[in-house]
Amino acid sequence: MKVLCFTDHTLLPDGKIEDLAYRVWKAPFIEAVGKIADEHPEGIIIREKLLSGIDYTDLYIDIKKRVGSGKTRLIWHDHYEALTLFLKYHPSEEWPDELFFSRREAGGMSIVDFRKIQLKYGMTVHDVNELADAKREKVPFICASNIFETSCKPGVKPRGLDFLRETAKEFGGPVYALGGINTSNAASCIEAGADGVAVRSLCMKDDLSDLREIIAM
């Protein structure tokens, strides 16, 4: 099964790591991402929204050194201003494999800018209006969210498999189911028309057996 992994350093199994300074959790985080890459998911989205643009760029560069240029795509998440500088001052062979953006949270770099640099990019779709935007703007791939209950969005009612089914039917491109995905429900997402699934908490653990199981489906 095609799997995208969203990172979240606050979920690392090391107590209150979210309270620690970036320089403290950077090394164990890179090692954790490296272990995820060793399982060969389709892509890893470095979703570290709390970092400054400078620290995010530093982290992305060092993760790319650890992950290399294997079969797993390394995907830059948001941080538009830092991305603009990165693309300006780094050679194209160091550029991200792909980009992912969440329009609600970011702002700054327009979709026209993405088209100019000709990097593949994806975005999250939460409702029919965002789906219409994605279709109009010819976004290459999307994550439909949130399909099931998820700790990432406590108290938010899940959209469910019917939303996923309609999104997959209407979009016409690759759609990944996001939100509360686990070994028990991943297959139902594919049956509903998704091309793959996207996970967060499931991949930020010492034990990656569940991730391994979903990839093998």
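1. Helices (H or I, at least four residues) and strands (E, at least two) are DSSP runs, numbered from the N terminus. This is a predicted model, in which local features need pLDDT of at least 70 and side-chain atom pairs count only at pLDDT 80 or more, while totals for chains, interfaces and linings use all residues. Residues are numbered from 1 along each chain as its sequence is written, and side-chain values use heavy atoms, with hydrogens and water left out.

2. The chain contains eight helices and eight strands. For its 217 residues a compact globule would have a radius of gyration near 17 Å, and the chain, at 17 Å, agrees with that; the radius is taken over C-alpha atoms, and the globule rule is 2.2 Å times the number of residues to the power 0.38. Along the principal axes, the C-alpha atoms fill a box of roughly 45 × 40 × 35 Å.

3. Of the 217 residues, 51% count as buried, where buried means under 20% relative accessible area, exposed over 50%, and partly exposed in between (1.4 Å probe, protein chains only). The accessible surface of the chain comes to about 10,400 Å², and 51% of that surface belongs to carbon and sulfur atoms; the areas come from the Shrake-Rupley method with a 1.4 Å probe, and for residues only the protein chains shown count as cover. Among contacts (heavy atoms within 4.5 Å) between residues at least 6 apart in sequence, 60% join residues at least 24 apart.

4. Helix α5, residues 128-136, has E130, L131 and A134 as its buried residues. Seen down the axis of α5, these buried residues fall within an arc of 105°, so they line one face of the helix; the arc is that of the directions from the helix axis to the C-beta atoms. On the other side of α5, V128, N129 and R136 are exposed. The cover over the buried residues of α5 includes β5 (121-125), β6 (141-144) and α6 (160-171).

5. After α5 comes K138, whose phi is positive, near 55°.

6. The structure holds 11 aromatic pairs, counted for rings of Phe, Tyr and Trp (its six-membered ring) whose centres lie within 6.5 Å; planes under 30 degrees apart count as stacked, over 60 as edge-to-face and the rest as tilted. Y60 and F86 form an edge-to-face pair, at 6.4 Å centre to centre and with 75° between the planes. This pair links distant parts of the chain, with Y60 in helix α2 (residues 53-67) and F86 in helix α3 (residues 80-89), 26 residues apart. Both Y60 and F86 are buried.

7. The ring centres of F141 and Y176 are 6.1 Å apart and their planes are at 80°, so this pair is edge-to-face. F141 lies in strand β6 and Y176 in strand β7 (residues 175-178), so the pair ties together parts that are 35 residues apart in sequence. F141 counts as buried at 1% relative accessibility, and Y176 counts as buried at 4%. One aromatic cluster is formed by F6, F100, F141 and Y176.

8. Which side chain does that of R73 meet in a polar contact of 2.2 Å? The partner is E98, a polar contact being a pair of N or O atoms within 3.5 Å; within protein, one must be able to donate a hydrogen and the other to accept it, and residues adjacent in sequence count only if both atoms are side-chain atoms. R73 lies in strand β3 and, at 18% relative accessibility, counts as buried. Leaving aside neighbours within four places in sequence, R73 is in contact with L4, E42, G43, I44, D97, E98 and Y176.

9. Some backbone geometry deserves a check against the coordinates. Most residues other than glycine have a negative phi, and most peptide bonds are trans. D78 is not a glycine, yet has a positive phi of about 50°, and the phi of H79 is also positive, near 50°. D78 counts as buried at 7% relative accessibility, and H79 counts as buried at 15%.

10. A cis peptide bond joins S145 and N146, with omega about -20°. N146 is placed in the loop between β6 and α6.
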